[in-house]
Structures are given as structure tokens and as C-alpha cells.
2 protein chains.
Amino acid sequence: MLIKEIGEFNLIDRMSAIIGTPKRPLVAGIGDDCAVLYPPKEKLQLVTTDMLVEDVHFSLSTASPYQIGWKSLAANISDIAAMGGEPTFAFVSVGFPKNTTAEFIDDLYLGMKKIAESYEVDIVGGDTVSSPEIIINIALLGEVESGNQILRSGAKAGDAICVTGDVGGSSAGLAILQNSLSIEDTEKHLMPIPRVTEGRLLAKSHFVNAMIDISDGVASEVHHICKQSRTGAELYMAKIPLSPNVIPVAKQLEQDPCRFALYGGEDYELLFTCQYDKVDILREQIAQRCNTPITLIGRIIDNSSLITIEDEIGEIAILKPRGYDHFTPSE
Amino acid sequence: MLIKEIGEFNLIDRMSAIIGTPKRPLVAGIGDDCAVLYPPKEKLQLVTTDMLVEDVHFSLSTASPYQIGWKSLAANISDIAAMGGEPTFAFVSVGFPKNTTAEFIDDLYLGMKKIAESYEVDIVGGDTVSSPEIIINIALLGEVESGNQILRSGAKAGDAICVTGDVGGSSAGLAILQNSLSIEDTEKHLMPIPRVTEGRLLAKSHFVNAMIDISDGVASEVHHICKQSRTGAELYMAKIPLSPNVIPVAKQLEQDPCRFALYGGEDYELLFTCQYDKVDILREQIAQRCNTPITLIGRIIDNSSLITIEDEIGEIAILKPRGYDHFTPSE
């Protein structure tokens with residue numbers, strides 16, 4: 001059934017039924033002019049927002065509505081994780097064409113609902129409008145104990161640069177889908193896992209000085225941290241943990257595997273800097289709670305104009321920030 | 001200059017410069033994964049979000065980027081006003097085509113900045129993406145003292161139904177622009193004034209039982225209040241205060257002026273229900289602080305399936321909810 005046959009207000013009722021009742025107490029949710037919430041007590045509030053546009057951020061030819069719903073919220077949860085916080089309330093604005101089917105919308109919201117439940121996020125508001133293509137904007141609230149928030153700006157010369165998990169897997173997954181490669185490893189692209197538990201442990205350790213999530217690629221994120229912290233950085237390509245699909249994909253497409261790791265983006269791993277001699281302790285602490293490896297990939301240096309990468313044979317080059325820029329045509 | 005020549009990160013720096021420094025204290029704003037805020041102390045938190053799409057919600061042929069910026073934030077501020085609250089922090093996601101000029105973006109943000117300053121709103125985050133047409137999503141936070149929040153669901157049988165200001169002026173203004181009429185009264189359409197001071201006074205009076213802002217038209221808003229409050233309503237068309245441009249526009253277009261008032265939408269006045277014998281007190285209280293009239297336009301009745309309107313000659317008809325539905329083709 002097409003949504004133009006259902007009408008806006010019946011559609012909102014239908015979405016509300018999928019979203020279900022919030023777990024946290026609140027004064028008013030969907031159905032009033034605003035959501036009315038109890039604010040965090042004795043904690044800081046986190047807010048992030050992301051806009052996703054069809055055929056810019058996702059394509060219906062490579063992702064199901066369920067996966068698009070999951071990933072839209074995952075990207076926002078990852079931003080909360082990157083501050084060391086926990087997500088709480090989500091507000092979902094969706095635009096779609098009048099000839100969209102109700103089943104499509106159901107699946108989109110079921111995907112969002114699934115990840116919301118996994119991360120104890122309550123969807124308590126939003127907006128529904130018509131638009132020429134699918135547009136999803138999520139605003140996500142979260143909270144973190146005062147003093148535990150980790151900004152991009154705290155990196156110090158001498159810090160180790162580390163990443164959780166592995167990188168390049170999302171863009172390699174996209175390459176699999178776009179080129180119909182016979183490699184079955186697209187999960188990291190389609191349904192990424194935000195690192196909230198890892199972010200919480202890192203924040204509570206008090207050894208971490210700066211953190212960011214990898215949404216635009218390792219190169220871009222290191223540049224962001226260095227810009228905000230007024231530092232430089234040295235990365236070691238040989239140490240960067242590649243996702244299992246990167247080498248086979250790079251081989252089939254005859255591309256440099258480093259490209260996926262450095263400039264791929266959407267891995268939603270955490271990149272952080274910490275006291276150099278605390279990397280092993282952090283690795284153990286994380287290992288005790290999650291199955292997520294922590295890998296040292298570089299170090300922060302004083303010179304704020306210099307960000308370099310050493311390749312496998314020891315040659316050192318300037319690391320460009322590239323990664324995804326929404327407006328500049330790609331090279 | 002086109003934004004594709006500037007690049008995403010320079011564009012964000014440019015927007016940040018226009019937006020300026022927040023007035024309220026905060027831990028981190030634009031430039032990190034999340035904004036990090038001090039939550040409201042001993043108050044409830046309000047959150048609202050609205051998505052606006054080019055050629056669905058606004059047209060570049062009838063509104064300037066400055067006016068579009070103003071109105072986008074005005075619509076959200078109005079939702080906070082409708083709860084009796086005060087707006088605090090805004091998060092602005094914008095999508096635009098790569099061939100948009102930097103001057104267009106500047107003007108859009110200058111319009112938002114202007115209304116943000118007028119209502120003491122700090123813009124502290126957002127997202128910037130490319131999209132086939134202009135898309136604006138704003139998530140706005142606010143706060144209200146616990147006990148002063150006014151929901152849609154509190155209307156009681158016997159309540160008076162009142163509106164602030166006058167209605168129909170926005171849709172009549174749009175008709176002026178779309179039909180190039182020689183009537184100079186389009187302000188209410190292009191740069192609406194949200195009723196925050198009025199909403200605050202109404203909330204603090206404790207005589208108001210339900211409130212909503214007029215974004216979809218009087219008919220639709222009364223239906224929302226009745227649905228949430230499980231009541232019915234009687235409206236008196238002769239009492240509904242028409243904006244000054246409604247009669248001349250209706251005359252030139254040979255349309256029923258009631259249509260603009262009941263189904264026009266985007267007036268961003270407040271529609272509220274209160275104890276019947278308190279209307280005069282509220283009118284005086286508001287008059288002391290603002291120049292905004294309060295008009296009694298109907299009353300709440302017990303029968304929850306019945307919403308009627310009495311026309312100028314005393315005939316009573318069922319009031320349809322129509323107003324703006326984003327997905328159902330208009331009649």
C-alpha cells in the first residue's frame with residue numbers, strides 16, 4: 001500500500017506502533033508539539049545530529065530499508081560513543097516520496113527500532129514530510145558523567161594513537177556491493193556496530209585524552225584531532241588493522257588496500273589518543289568486557305603543521321586529510 | 001562563489017563564523033562529535049524537530065534565503081512556545097546542491113542567526129551534506145518549569161478555546177506571492193513571529209489546560225487537541241480573528257475567507273483551552289506585557305466524536321480536520 005493512500009496522521013500512528021513505548025520515564029513523547037523529558041541529573045548532556053540523503057549517503061540498490069534504518073541511527077550512536085557517553089533519546093525526521101510503500105516505511109523503522117533496543121535508545125519524537133527522495137535526519141541525545149567527556153581537542157604530544165576493531169571494512173563492503181564482487185562480507189558497511197561499551201570504558205579509564213569516531217576515514221579523523229588539539233601526528237601504515245575484506249577487495253579491484261583504511265570512512269570504530277604507556281592496560285580492560293581489539297597505529301607529535309604516514313617499506317609521506325567531502329568533487 | 005569550490009570543512013568554518021559564539025555556557029559546541037551541554041537544572045527539557053524541503057515547504061521563487069532561514073527556526077521556536085517553554089539550543093542540518101552559492105548559504109544562516117538572537121537561542125551543532133534540493137532540519141531544545149508544561153491532552157469539557165493574534169494571514173500571504181497580487185502584506189507568511197512570551201505567560205497563569213501552535217490550520221489543531229484530550233469542540237466562525245490580508249486576498253481570488261483561517265496553516269499563533277471564566281484575566285495579563293490580542297473562538301464539549309463549526313448565519317456543520325497533510329493529494 002502506498003503512503004499517499006494512508007495519509008500523514010495514520011502514517012504517524014503506524015510508525016508510533018512500531019517504535020513502541022519508551023523504556024525511560026518521560027512526561028510526553030510522540031503526539032505533542034515537543035517531547036517533554038526529565039533532563040540528565042548530575043551529568044552532562046550530549047547532542048548530535050546527522051542528515052542522510054538517498055543516493056548521497058545510501059542507495060536502495062545496495063541496502064534494504066531495514067539496513068538503512070539501522071545504519072542511520074548507528075551513525076548517531078557512534079557520535080555519542082566518541083564522547084564516552086551513553087545514548088538516551090532519539091528524534092527521527094523522515095522525508096519520502098508519496099509513492100513510497102507503507103511496507104518500506106515499516107522496514108525502515110523496524111531497522112531503527114532494532115538498533116535502538118540494542119543500545120537502550122528511546123525514539124520519542126520526529127517529523128514526517130514528503131520529499132523527492134528519501135531523507136533521514138536523526139537528532140540523538142545522550143549523557144556522560146561530568147569529567148568523563150572526551151573531546152577531540154585533548155590530544156597531547158607523545159600520546160599513542162589507537163583504534164578499536166579494524167578499518168576499511170565499510171568502504172570495502174560498499175565496493176563489493178557496487179561491483180557485485182563474489183566476497184560475502186558487507187556487514188560492516190550495511191549494519192555497523194557503534195562502540196558504546198568501548199567508549200564508556202575508555203572514558204572511565206581517564207587515560208584517554210582525545211577521541212573521535214571514524215565516519216570519514218582514519219586520515220580525516222586524525223586531521224580533525226590534530227586541528228582541534230593543535231598537534232601533529234605520525235601514523236604507521238603497517239600497524240593499521242585492516243578489516244578482513246579489505247585485501248581481497250583491493251586485489252579484485254586492483255586498488256591499494258591503504259586507500260580503504262585511510263580514506264574509506266563509515267567504519268564507526270573509535271580513534272583515540274592516550275598516554276603511551278597505558279595502551280596495554282586499556283587493551284586488557286577492553287578485552288575483559290568486549291571482544292574488541294585495541295591497536296596502536298601512531299603517535300601525536302608537537303609540530304602542529306605536520307601529519308605523516310610511514311608506509312610498509314619505511315618511507316614517510318605527508319598524510320592528506322581527504323576522506324569524504326560532501327561538496328568538493330573527488331580527485 | 002559556489003560551495004563546491006570552497007569544500008565542506010571551509011564551509012563549516014564559514015557558517016560557524018556567522019552563527020557566532022553561544023551566549024549560554026557550554027562544554028563543547030560546533031567542531032566535536034557532539035555538543036556537550038549543561039542540562040536544565042530543576043526544569044523539564046523540551047525537544048522538537050522539523051524538516052523543511054524545497055518546493056514542499058518553501059520555494060525560492062517566493063522567499064529569500066534569509067526569510068527561509070528565519071522561518072525554519074521560527075517553526076521550531078513556535079513548538080517550544082506551545083508547551084509554555086523557552087527555547088535554548090538549536091542543531092541545524094542543511095542539505096544543498098553543489099552548485100549553491102556561498103552567498104545563499106550566508107543569507108540562510110544570517111536569517112537563522114537573526115531570529116536566534118531575538119529569542120536567545122544558541123545554535124551549537126548540526127550537519128552539512130549535499131542533496132538534490134535544499135533541505136533544512138532543525139532540532140531545538142528548550143526548557144520549562146516542572147508543572148508549567150502545557151500538553152495537547154489537557155482540554156476539559158467547558159473550556160474556552162482561544163487564539164493569540166490573528167489567523168489565515170500566512171496562507172493569504174502565500175496566495176499573494178503565488179498569484180502576484182498587488183496586496184503588500186506577506187510578512188506573516190515570510191517571517192512569522194513565534195509567541196514565546198505569550199506562551200510563557202499562559203503557562204504561568206495555571207488557567208490554561210491545553211495548548212498547540214497553529215502550524216497546520218485552526219481546524220487541524222482543534223482536532224489534535226480533541227483527539228489527545230478525548231473531547232469534542234464547538235467553534236464559531238464569526239469570532240475567529242482573521243488577519244488583515246485575508247478578506248482582500250479572498251475577494252481577489254474569489255475564495256471563501258474561512259478557508260484561509262481554518263485550513264491555511266503556518267500562522268504560528270497559539271491555540272489554547274482554558275477555564276471559561278478566566279479568559280478576561282488572561283487577556284489582560286497578556287495585554288500588560290505584549291500587544292497580542294486573545295480571542296475566544298469556541299468551547300470544548302464532552303462528546304469526543306463531535307467537532308462542529310457554526311457559520312456566520314448560525315448554521316452548524318461538522319468541522320473536517322483537513323489542513324496540510326503531506327501525503328494525501330489535496331481535495
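Predicted model: local features only at pLDDT ≥ 70, side-chain atom pairs only at ≥ 80, totals over all residues.
Trainee: How many residues of chain A are in contact with chain B?

Mentor: The contact can be counted from either side, and on the side of chain B there are 72 residues that take part. On the side of chain A, the number of residues in contact is 72.

Trainee: Which residue of chain B stands opposite A:Val36?

Mentor: Strand β1 of chain A and strand β2 of chain B run antiparallel, and three bridges join them. Within this pairing, the residue of β2(B) that stands opposite A:Val36 is B:Leu46.

Trainee: How many salt bridges does the rule find across the interface of chain B and chain A?

Mentor: Between the two chains, 23 residue pairs are in polar contact. Side chains of opposite charge can pair when their charged atoms come close. One such pair is B:Arg152 with A:Asp33, whose closest N and O atoms are 3.2 Å apart. Across the interface of chain B and chain A, the number of salt bridges found is six.

Trainee: Which residues of chain A does B:Gly31 touch?

Mentor: B:Gly31 lies in the loop between α2 (8-19) and β1 (35-37) of chain B, and at 26% relative accessibility it counts as partly exposed. Leaving aside residues up to four places away in sequence, the residues that B:Gly31 touches are A:Arg152 and A:Gln228.

Trainee: Is A:Asp122 buried or exposed?

Mentor: A:Asp122 forms a salt bridge with A:Arg24, with 3.1 Å between the closest N and O atoms. This pair links distant parts of the chain, since A:Asp122 is in strand β4 and A:Arg24 is in the loop between α2 and β1 of chain A, 98 residues apart. A:Arg24 has a relative accessible area of 25% and is partly exposed. The limit for buried is under 20%, and A:Asp122, at 5% relative accessibility, counts as buried.

Trainee: Which helix holds both B:Asp280 and B:Arg283?

Mentor: The side chains of B:Asp280 and B:Arg283 meet in a salt bridge of 2.7 Å, N to O. B:Asp280 counts as partly exposed at 48% relative accessibility, and B:Arg283 counts as partly exposed at 31%. The two residues are three residues apart, about one turn of the helix, and the helix that holds both of them is α11 of chain B.

Trainee: How many salt bridges does the count come to over all chains?

Mentor: A bridge requires a side-chain nitrogen of Lys or Arg within 4 Å of a carboxyl oxygen of Asp or Glu. By this rule the number of salt bridges over all chains is 34.

Note on methods: Residues numbered from 1 in each chain as written. Chains lettered and ligands numbered in written order. Heavy atoms only, no water. Helix = DSSP H or I, 4+ residues; strand = E, 2+ residues; numbered from the N terminus. Buried < 20%, exposed > 50% of the residue type's maximum accessible area, 1.4 Å probe, protein only. Contact = heavy atoms within 4.5 Å. Polar contact = N/O pair within 3.5 Å; in protein donor to acceptor, adjacent residues only side chain to side chain. Pairing = 2+ DSSP bridges.
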